[in-house]
Amino acid sequence: MQPLIFDTHAHYDSSRFADDCDAVLAAMPQKGIGLILNAACDLKSSLTSQQLAQRYLFVYASAGIHPHEAKDVPADWEQQLKQFATYEKCVAIGEIGLDYHYDFSPRETQRELFAAQMEVAAELGLPVIIHEREALTDTLDILRSFRGRVHGVFHCFSNSLETARIVLDLGYDIALGGTVTFKNARHAPLVAAGIPADRLLVETDCPYMAPVPMRGQRNDSSYLSYIIEKIAEVRQTTFEAIVEQTYQNGCRLFGIN
């Protein structure tokens, strides 16, 4: 029997799945996908993620507010977030973090919301899903301030192997997605080869970041096979070994039995 794959970061609440979300998800078990974590980006998607998790046994949810949305949070955001996080299939706070590439929200506002959501995660005992883009120094500073209180995963990791080792030391796993297959990817293959097997997760970030040879298409969890094949190649192991290890790693991190 083929081992099942865990897509630890997807966005099936995206408008790009508006016409066929249920059809796409219903087909996933037949395509070897055993678990999917639908990652929230704001309060609305925190609710939608929970609704997807209610409809599909193999779907789990997170609750969190992306740094892009930091400037628009309502006054009662923390109360709402905690309410979503108590749902039985909510397994993480995220995605949260900092994004200085687009700066859709002021940087100080991003930092304040990030730290506040880390505090929620610490209070609730949930892992976090970290988004970081061109904001590494500030992200690591906030993570260090919660060292020993919060752990989680760096989603769509794109930094160097040296940075990966810092992240691992802080208690965070590394999730790799489509970039590991890109011809111009400098860091991802080195990270894929160099980090401990028990700290590696795989993800699609679908509908974004489709891997080669599907680059440019709408991504979905079935394309994880291309990502896993590349990771197996650079780690000089089998496809099945990566599937089994990353499935176990994801279940451990998110407390899924």
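Reader: Buried means under 20% relative accessible area, exposed over 50% and partly exposed in between, with a 1.4 Å probe and protein chains only. On that scale, is Leu200 buried or exposed?

Author: Leu200 is buried, because its relative accessible area is 1%. This is a predicted model, where local features need pLDDT of at least 70, side-chain atom pairs count only at pLDDT 80 or more, and totals for chains, interfaces and linings use all residues. Residues are numbered from 1 along each chain as its sequence is written, and side-chain values use heavy atoms, leaving out hydrogens and water.

Reader: OK, and which strand is Leu200 in?

Author: Leu200 belongs to strand E8, which covers residues 200-202. Strands (E, at least two residues) and helices (H or I, at least four) are DSSP runs, numbered from the N terminus.

Reader: What does Leu200 contact, leaving aside neighbours within four places in sequence?

Author: Leu200 is in contact with Ile174, Leu176, Ile195, Ile231, Arg235, Thr246 and Asn249, where contact means heavy atoms within 4.5 Å.

Reader: Why is E7 largely enclosed by the rest of the structure?

Author: Five of the five residues in E7 (residues 172-176) are buried, so the strand is largely enclosed. Tyr172, Ile174 and Leu176 cover one side, with Asp173 and Ala175 on the other. In a regular strand, side chains alternate between the two faces of the sheet.

Reader: New topic: at what angle do the axes of H8 and H9 cross?

Author: Roughly 110 degrees, with the axes of H8 (residues 224-235) and H9 (residues 239-254) coming within 8 Å. That makes H8 roughly perpendicular to H9, a label for angles of 65 to 115 degrees, with under 35 roughly parallel, over 145 roughly antiparallel and the rest oblique. Axes are lines fitted to C-alpha atoms, for helices over the stretch in contact, and angles run from 0 to 180 degrees between N-to-C directions.

Reader: Which H9 residues meet H8?

Author: Phe239, Ile242 and Val243 in H9 meet Ser225, Ile228, Glu229, Ile231, Ala232 and Arg235 in H8. Ile231 and Arg235 are also among the contacts of Leu200.

Key
Two strands pair if DSSP finds at least two bridges between them.
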